[in-house]
Each structure stands twice: as structure tokens, then as C-alpha cells.
Amino acid sequence: MKTTEITVGPDRIRLACDVTGEGPALLLVHGFPLDRSLWRHQVDALAGWRRIAPDLRGMGASDVPGGGYSMAAYATDLAGVLDHFGVDRAVLCGLSMGGYIAFEFARRWPDRLAGLILMDTRAEADSPDGRRGRDAMIAKVRAQGVASVADDLIPKLLGPEALGRPEIVGRVRGMLEGTLLDGMVGALEAMRDRPDSSALLPALAAVPVQVIVGEEDRLTPPADAERMAAAIPGATLARIPGAGHLAPLERPAATTEVVGRFLARV
């Protein structure tokens, strides 16, 4: 695996990327407030594919601009990642906020998708209560710092079994507390203001689609995944037993197996 820094987009954002393997491209997009290490098992195991896992702007080792956060900006960054590595079309795998970004990418560049994996995510925009929750978290982070929301978020991100494993809790806490203020606030605002992608779902029939959800996911529960998969003609749905919202980290082997089976069909 090679870690490299690349510069993308009209605002010349530097992104850290892990790149390994040869073959067709698989672009792995992490969620909030995480980084590319979420995909460690998948990057190591999915031989036969060129695995590309960037840190999103504002997270991990990528640049943390003071503004310019939106689903459109994140998606434009991903197009820049593909351009940098000379990739015309890729399978895009997005978890949680990464799924919201995947919808925006599909809306703007459908011809660049060879397939789509929607993992622990939903198509709907935030409800009014959801928007108020984002605003409350923004206020808390601004007043008390990024670490102040760790104890609130971790029990929502992880399933019951993972919460009992200190190594997993520690990895998630490290990613969360490593996110700088501007990156966290920018991501929260971008999620709060994102468009509803429900009307886009039927058009995704143009490419193979795999929906994956942890059976213990409290943030985007299996019922959401079932509705989303049913709205995409030809989509397949897989549940990951014992996983919460972070299936690739909580159940890495099972998640990689599902992704691998899907890639074999693409």
C-alpha cells in the first residue's frame, strides 16, 4: 500500500490517499467523523482491484479549509482523485456520509460509475429534528471542542459487541478526536444541508448497486436500507450480523466478503 498526497479541485485541496493494487478502480469513501483507515481490511484484502481510499477534506491527514464544505465539494474532490490517478470509471463505495457524497457523485457524473456500494447510509435528507440535532452538535463542538462529542457519538456508531471491544472503541475515538474543528463543523453543515436523493434512486438502475447495512445499525437501520434497495431496480441488499453503523470496522471479514462478491459480478 502506498500513501500519497494529491491536490484536487478548484480550491486546490490536498488529500491524503492510500492506493494499492492493479486492475479496475474501487474508490472507498469513509463517513463522518472518520478517516481512510476505516477501510484497512478492505484495502488489504480485495486483490484484483486498484483500491483507492482518500481522507475527505477536513478529516484525517487531508487539508482542513475554513470553509467550502458541501456534498458538491466532496464529490468534486472525488472526481479529482479519479482524474489524478487516470481513472475514467470506478466502483464507488460510500459509508454513511460517504454514501451521501456517492449520491451527489452519481447525480453529477453517472458515466464515471462502474458500480455503487451504499453502506450504512440513507437517501433521504435530514428531517427537521435531524437538522436541529446537527445544529446542537455544531454548537457543542464550537463551545467545548471536538472531543466533547465523542461519548455521544461512539455508542451510536458502534453496535453492542463492538462497544465491548476496547481496541475498536479506541480506533473510533482516535479518528473522531483527530478531526479538527473546521472539518467537523463543515461536515455537519454539509450533512444538514444536503439534498434529498430519494428521486435519484430509480436512475441508479443503470449500474450494479449493492446496499449493505449492519444489523445493529441505530443511525441508518436495516429498515432504511431495505427501502433504499427496493427503490433501486436490480439492487441487492446484504445485512452484516453483529455490526452497527461501522460494518467495515466492526465486522471487517464479513463486510469484505460481501463487497468481494459484488465486485466479482461487476
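Visitor: How many helices and strands does the protein have?
Guide: The protein has 11 helices and eight strands, where helices (H or I, at least four residues) and strands (E, at least two) are DSSP runs numbered from the N terminus. This is a predicted model, in which local features need pLDDT of at least 70 and side-chain atom pairs count only at pLDDT 80 or more, while totals for chains, interfaces and linings use all residues. Residues are numbered from 1 along each chain as its sequence is written, and side-chain values use heavy atoms, with hydrogens and water left out.

Visitor: What radius of gyration does it have, and what would a compact globule have?
Guide: The radius of gyration of the protein is 17 Å, which agrees with the value near 18 Å that a compact globule of 266 residues would have; the radius is taken over C-alpha atoms, and the globule rule is 2.2 Å times the number of residues to the power 0.38. The C-alpha trace spans about 45 × 40 × 35 Å along its principal axes.

Visitor: And how much of it counts as buried?
Guide: Of the 266 residues, 55% count as buried, a label that means under 20% relative accessible area, with exposed over 50% and partly exposed in between (1.4 Å probe, protein chains only).

Visitor: Let's turn to helix packing; at what angle do helix 4 and helix 8 pack?
Guide: Helix 4 (residues 128-144) packs with helix 8 at an angle of about 170°, and their axes are 9 Å apart. Axes here are lines fitted to C-alpha atoms, for helices over the stretch in contact, and angles run from 0 to 180 degrees between N-to-C directions. The two helices are therefore roughly antiparallel to each other, given that angles under 35 degrees count as roughly parallel, over 145 as roughly antiparallel, 65 to 115 as roughly perpendicular and the rest as oblique.

Visitor: Which residues make that contact?
Guide: From helix 4 they are Arg131, Arg134, Asp135, Met137, Ile138, Val141 and Arg142, and from helix 8 they are Leu181, Met184, Val185, Leu188, Glu189, Met191 and Arg192, with contact meaning heavy atoms within 4.5 Å. They divide into eight nonpolar, no polar and six charged residues; Ala, Val, Leu, Ile, Met, Phe, Trp, Tyr, Cys and Pro count as nonpolar, Asp, Glu, Lys and Arg as charged, and the others, Gly among them, as polar.

Visitor: Then how far apart are the axes of helix 5 and helix 7?
Guide: The axes of helix 5 (residues 150-157) and helix 7 (residues 166-177) are 10 Å apart, at an angle of about 130°, and the two helices are therefore oblique to each other. Their contact is made by Ala150, Asp151, Leu153, Ile154 and Leu157 of helix 5 and by Val169, Val172, Arg173, Leu176 and Glu177 of helix 7. By class, that contact has seven nonpolar, no polar and three charged residues.

Visitor: New topic: is Thr20 buried or exposed?
Guide: Thr20, which lies in strand 2 (residues 13-20), counts as buried because its relative accessibility is 15%. Leaving aside neighbours within four places in sequence, Thr20 is in contact with Met1, Val43, Trp49, Arg50 and Arg51.

Visitor: And where is Asp196 placed?
Guide: Asp196 sits in the loop between helix 8 (181-192) and strand 7 (209-214), and is partly exposed, with a relative accessible area of 42%. Beyond its neighbours within four places in sequence, Asp196 is in contact with Arg107, Ala123, Glu124 and Ala125.
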